[in-house]
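These are my notes from a first look through a new model. I went from the whole chain down to single residues.

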Amino acid sequence: MQHLAIVNGPNLNLLGVREPHIYGSETFEDYLAKLRTQFPEVDIEYYQSNVEGELINFLHGCMGKKQGIILNAGAYTHTSIALADAISAINVPVVEVHVSNVLAREDFRKTSFIAAKCVGSISGLGMRGYELAARWFVGSETLPKG
Ligand SMILES: O=C1C[C@@](O)(C(=O)O)C[C@@H](O)[C@@H]1O
């Protein structure tokens, strides 16, 4: 069985409530329940924190345990060298996901400190970005299978 982690950063606990015109009106918990039924062969652990260091600790803990990480770092995407360093430090591939199209928004969202450390990025495809990232991991032959 493959083990993936979905990691959501600050303010993403408020998906469904927060600025629904940008992020939609579905809660992440509802979305995750559907996602899990789409990937019965995958163990998907979900972690969310509003605290930078807690996100880093969780990423460290994925070493040797997960085949891949799907990370929406929220606003830390645009600020956190520490998070970028954590992605470099762990031997687990990370796909960056953003619900909104960050390149179509404010200029400060156009910089991602984490993008270059990730295997790829998905932005602007709504919640489906998580599904597409999971599908990429499942189809990836280069990854060790658990
Ligand atoms: O919190 C978020 C959410 C986001 O990562 C997204 O999923 O679109 C985009 C970020 O710029 C923002 O700070």
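I started in the loop between β1 and α1, where glutamate 19 lies. This is a predicted model, and I kept that in mind throughout. Is glutamate 19 buried or exposed? I looked up its C-beta neighbours inside 10 Å and found 11, so it counts as exposed.

Asparagine 11 is found in the loop between β1 and α1 too. It also has a positive phi, about 75°, and it is not a glycine either. For asparagine 11 I got 14 C-beta neighbours inside 10 Å, so this one counts as partly exposed.

**The whole chain**

Next I stepped back. I listed 5 helices and 5 strands in the protein chain. What order do the elements run in from the N terminus? I wrote down β-α-α-β-α-β-α-β-β-α.

Then I checked the overall dimensions. The C-alpha trace spans about 40 × 35 × 25 Å along its principal axes. A compact globule of 146 residues would have a radius of gyration near 15 Å, and the protein chain has 14 Å, which agrees. Of the 146 residues, 33% are buried.

I also looked at how far apart in sequence the contacting residues sit. Taking contacts between residues at least 6 apart, I noted that 78% join residues at least 24 apart.

**The sheet**

How are the strands arranged? I traced an open sheet of 5 strands, in the order β2-β1-β3-β4-β5, with parallel pairing. β2 and β5 are the edge strands, each pairing on one side only. From one strand to the next, the twist averages 20°.

I zoomed in on one pair. β3 and β4 pair in the parallel sense, over 3 bridges. I also noted leucine 71, which stands opposite glutamate 96 in β4.

**Helix α2**

Which residues of α2 are buried? I found Phe28, Tyr31 and Leu35. Looking down the axis of α2, I saw that these buried residues fall within an arc of 60°, so they line one face of the helix. I jotted down the general rule as a reminder: an α-helix has 3.6 residues a turn, so residues three or four places apart point the same way.

I then turned to the face of α2 away from its buried side. The exposed residues Glu29, Ala33, Lys34 and Thr37 are carried there. As for what the buried residues of α2 pack against, I noted β1, β2 and α5.

**Helix α5**

Note on methods. Residues numbered from 1 in each chain as written. Predicted model: local features only at pLDDT ≥ 70, side-chain atom pairs only at ≥ 80, totals over all residues. Pairing = 2+ DSSP bridges. Helix = DSSP H or I, 4+ residues; strand = E, 2+ residues; numbered from the N terminus. Axes fitted to C-alpha atoms, helices over the stretch in contact; angles between N-to-C directions. Rg over C-alpha atoms; globule rule 2.2 N^0.38 Å. Buried ≥ 20, exposed ≤ 12 C-beta atoms within 10 Å, placed from the backbone. Contact = placed C-beta atoms within 7 Å. Arc of directions from axis to C-beta.
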